[in-house]
Amino acid sequence: MFRFITICALVASVAAVVHHGHEEEHHYDGHHSNSDDVHAELKAYHADVHDKGFEYAYETSNHIRAAAHGDEHGNHQGDFEWVDPHGEHIAVKYAADENGYHPESHVLPTPHPIPDYILRSIEYINAHPYHEPEHHEHHQVHHESAHHNQHQGSNNHYGHKKF
């Protein structure tokens, strides 16, 4: 099943690149940074599926490039890049494994830095872990017994009428 999905993905990516390269100029949608994109051609292509996994790489004449390899366990590593409509070079490296998809790129949003007071709080908590107070059964039984006797005594003294 893994091989079938991988082969289908490779065929679809090549078909999309080849099809994109043969589009007519009247299909240009204005989102490309260069009108030559509609005439992009496949410059290099390599794909191989084998018992231990797969690998592929391609590059087009309009500076789109992708490469990836994966193993039989579903682990996948690769990168892709292109030039956006504003002329900025976009590059993404990634890994995909049992823990998810892990992309790396200068264009991906990053979380805000953690404030110093939060970092200090975390350090303090790690240095001083909370421990549940220990309960001694003997002390607890003695306390419950004394509490019970106190109520029993009060009921006997105040709760009964003498006849």
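## Helix H2

Helix H2, which covers residues 116-127, has twelve residues and reaches 16 Å from its first C-alpha to its last, close to the 16 Å expected at 1.5 Å a residue, where the expected span is 1.5 Å times one less than the number of residues. Helices here are DSSP runs of H or I with at least four residues, strands are runs of E with at least two, and both are numbered from the N terminus. H2 is hardly covered, since the count of buried residues among its twelve residues is zero; buried means under 20% relative accessible area, with a 1.4 Å probe and protein chains only.

## Basis of the model

This is a predicted model, in which local features need pLDDT of at least 70 and side-chain atom pairs count only at pLDDT 80 or more, while totals for chains, interfaces and linings use all residues. Residues are numbered from 1 along each chain as its sequence is written, and side-chain values use heavy atoms, with hydrogens and water left out.

## The sheet

Six strands form an open sheet in the order E1-E2-E3-E4-E5-E6, and their pairing is antiparallel; two strands pair if DSSP finds at least two bridges between them. Strand E1 (42-50) and strand E6 (100-104) are the edge strands, each pairing on one side only.

Strand E5 (residues 89-97) is joined to E6 by five bridges, and the two run antiparallel. The bridge partner of Ala96 in E6 is Tyr101.

## Asn62 in its loop

Asn62 lies in the loop between strand E2 (53-60) and strand E3 (65-71), and Asn62 counts as buried because its relative accessibility is 12%.

Methods: Buried < 20%, exposed > 50% of the residue type's maximum accessible area, 1.4 Å probe, protein only.
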